[in-house]
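Here is a short briefing for a first look at this structure. Keep the sequence and the 3D view open while you read.

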Amino acid sequence: MMLLGSIFIPSNQWAWPAGAILAVAFLLLIWSYRRAPAISAAHGIAFCLKLLGVLALVLCLTEPLWSGKRAKSGANLFVVIADNSSGMNVRDSGMTQSRGQILQAALKVDRADWLGTLANNFQLRQYVFDSRLRRATDFSELVFDGKASAIGATLRTVAERYRGRPLAGVLLMTDGNATDMAEQSYDLSGAPPVYPVVVGSANPQKDISLANVSVSQTSFEDAPVMIQADVEASGYAGKTVEVSLVENSGNVAEQQTWKISRSDEKEAFRFRLRPDRTGVLFYHLEVAETSKEEPVEESEAPSEATLANNRRTLVVNRGRGPYRILYVSGRPNWEYKFLRRAISEDEKVQLVGLLRVARREPKFDWRGRRGERSNPLYRGFDNKDADQTEQYDQPVLVRLNTRDEAELRDGFPKTEEELFGYHAVILDDIDAEFFSHDQMELIQRFVAERGGGFLMLGGKESFREGGYHRTPIGRTLPVYLDRLPEAETTAQIRLKMTREGWLQPWARLRDNEQDEQRRLSEMPAFDVLNRVRAIKAGARIVATVGDEQTQEFPALVVQRFGNGRAGALTIGNIWRWGMERAEMRDDMNKFWRQTLRWLVADVPDRISFQVAHKRDRANQPVMLQVCARDKDFEPMDNVSVVIEVRDPNNQTARLRAEPVPGESGVFEAVHIPRFSGGYFARAVVTDEKANEIGDAETGWAVDLEAREFGSIRTNRPLLEKIARQTGGQVIELDGLDDFARKLPSRNVPVTTTQIKPLWDLPGILPAVFMFSLICFAGEWTLRRWKGLP
């Protein structure tokens, strides 16, 4: 904002003569115009023009003074900040110099007269910035190797550093590509006036770049890993580019080509990947022009604006496993047989079976030998421990695929330590009387607190028919178990996918809707269904059963429950699906594998390892967080956590994680990445005796320049918004000299009053004479045009 002064005429020896001359001239004008035979509008306009001309000439006889405020010399501070990020190495179209070279030329002391003008009126402070703000002496520190352009943090630092001091403003010289500012939400309140200088143009040299790269993992067996990316091309019309997904070993996993038709175009690419290994895997996504007609000489400038945005590192964590699932059934059935067959192809999932082959019988009071409580028919067997003697009133259970002899020896787990060692629990056709109330509450805590998966399959002793209404297990299920009115149902019920089901990759067996619809139409009908009244709030129906004549009922319902997830499959004879033909049996096996994978997905282990990127901070630190729990999944505090980090150059660093205040069992460490690429880390938790309790592995990808080169076009709209919000103004490079001269006249903290003759101001006196001449010429022209005397 410019400081406008005031004009006043002081009393001097010319004041009264000038007033007398003006009065005489005014009277003569009135007398001369009154001689006209008729007074018209043209007479009035001519009279006013001549009067204004006389007034301007009379004003020259006086000595009017100008009074205004101006920045007090040396009393105010002014900050000049230059961008040192690597993005300034971009060369714009038609330019022989990069943006950084243009900026260096503008800041050279021997050429930058505007810097000297600013130094004459202000206390000048000079800085360079990239990921952080640094003091500079003569801007010789500009090497343009910074990995970020933290414009927001830089302005906030300046505002805090000079709070309470007379700061006149900030000259920000940059291309505007901030890596830490969201244009719609960044708060600049309290910042001094910012005068951005846009370095570069909106038309950079031709370039190919990767943007919006994302990795998602699902339980869809054919392609459990989905990689998506946008490729943006500028200036490559008619060219062909290749987008390659490369393994860390250098082998090309998949390659796609794109024929570019327009000068500025963007295309989305999708890669479906099925890794053959487990654990933390690294991939690289690369884009490049397929071929060039002429080789580029080493001495020639590169044909592309930058190669820094042509490659991205991706991390895929497939987990280590094994994931252990406890299957509990009320009777031997076909379902367990097909389940075991299905997961035999998945080495990471283990199914532990607990099958009841005989029910609990009524308890009798045997009158045998004194102190004998068990059935005397078992007397004489080699059971030395009386507690291990087979009791007649207990169910007969069969354990399958147990880890050792002790696992499930006493039947269904009774403690957290026993149950929480599993990742999921499946109940199949088992009544609620099989469990004690404490065991049912234990299952509920297993899902809600431990974060495990829970699935109930249909059957004559499942859901309401199994007595689960108003039990802890019933409260865990995603469906209500209220009594339903009697209704007729057809003997044959068919499965249908809901709209929600189409959105769940683990519920689909084909990669397109047409094939999936065909598969559903060919599926056999089922004849065992546990009808439920409704689903609970927050639950989602994945599939329904019914036909055109009857009401549809939920068949597969899922929900989040506490930290875990719960599902209900109300069909009781899924095994019929695999009895038609071999192809359908493969589909059924695939359905079970995907469902079980979904059930154990995101189930935490005792030692969990999380990574959080802080890209908005200086040096882009990575926060490593480890959660340690005991066998009951209670937080452990009296442990030590050491993290080994391997960088892209295979160099290893050891970090000690410290406890997080206020969070039991949580430990954190900070890692500062120095290179772009894939990082692998392993956290080891030990007790006070240095015995290893457990470990966890994870990985992450770092691209220090990804956000810097996310866009290589100058971001002028952002700089204009910064100037508007802070009360500044966007300055052009060729307007720096004019800006430096006018800055003292702007609104600054410390000013001084200045009084000088109005005629000393540049251009004022010639302007007055020109104005007077225009008035006289206008009056004369009007009189001749209208034929006035």
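Predicted model: local features only at pLDDT ≥ 70, side-chain atom pairs only at ≥ 80, totals over all residues.

Begin with helix H12, residues 582-600. H12 meets helix H6 and also packs on a sheet of nine strands.

**Helix H12**

- H12 has 19 residues. From first C-alpha to last it reaches 27 Å, close to the 27 Å expected at 1.5 Å a residue.
- Of those 19 residues, 15 are buried, so H12 is largely enclosed by the rest of the structure.

**H6 against H12**

- H6 spans residues 334-343. The axes of H6 and H12 come within 9 Å and cross at roughly 80°.
- Angles of 65 to 115 degrees count as roughly perpendicular, and H6 and H12 are therefore roughly perpendicular to each other.
- On the H6 side, the contact is made by Glu 335, Phe 338, Leu 339, Arg 341, Ala 342 and Ile 343.
- On the H12 side, Arg 585, Met 588, Asn 589, Trp 592, Arg 593 and Leu 596 meet them.
- By class, this contact has seven nonpolar, one polar and four charged residues.

- Ser 344 lies in the loop between H6 and strand S16 (349-358).
- Is Ser 344 buried or exposed? Its relative accessibility is 57%, and exposed means over 50%, so Ser 344 counts as exposed.
- Ser 344 and Asn 589 are 245 residues apart in sequence. In space they are 9.7 Å apart, C-alpha to C-alpha.

**The nine-stranded sheet**

- Nine strands form an open sheet with mixed pairing. Their order is S17-S16-S15-S18-S19-S23-S22-S21-S20.
- The edges are strand S17 (396-400) and strand S20 (494-497), and each pairs on one side only.
- From one strand to the next, the twist averages 15°.
- Strand S15 (residues 323-329) and S16 run parallel, joined by seven bridges. Tyr 327 has Gly 353 in S16 as its bridge partner.
- H12 packs on this sheet. It touches S15, S16, strand S18 (424-428), strand S19 (453-457), strand S22 (553-561) and strand S23 (564-569).
- The direction of H12 makes about 140° with that of S19.

- Strand S26 (residues 640-646) and strand S27 (residues 652-659) run antiparallel, with six bridges between them. Glu 644 stands opposite Arg 654 in S27.
- Five residues separate S26 and S27 in their hairpin. Asn 650 takes a positive phi there, near 65°.
- S27 also runs antiparallel to strand S28 (residues 666-671), joined by two bridges. Glu 658 stands opposite Glu 668 in S28.
- This second hairpin has six residues between its strands, and Gly 662 takes a positive phi near 85°.

**Hairpin S29-S30**

- Ten bridges link strand S29 (residues 677-686) with S30, and the two run antiparallel. Ala 681 stands opposite Thr 698 in S30.
- The hairpin of S29 and S30 has five residues between the strands. In the turn, Ala 690 has a positive phi of about 65°.
- How many of the eleven residues of S30 are buried? Eight are, and S30 (residues 692-702) is mostly covered.

Technical notes: Residues numbered from 1 in each chain as written. Heavy atoms only, no water. Axes fitted to C-alpha atoms, helices over the stretch in contact; angles between N-to-C directions. Helix = DSSP H or I, 4+ residues; strand = E, 2+ residues; numbered from the N terminus. Parallel < 35°, antiparallel > 145°, perpendicular 65-115°, else oblique. Contact = heavy atoms within 4.5 Å. Nonpolar A, V, L, I, M, F, W, Y, C, P; charged D, E, K, R; others polar. Buried < 20%, exposed > 50% of the residue type's maximum accessible area, 1.4 Å probe, protein only. Pairing = 2+ DSSP bridges. Expected span 1.5 Å × (residues − 1).
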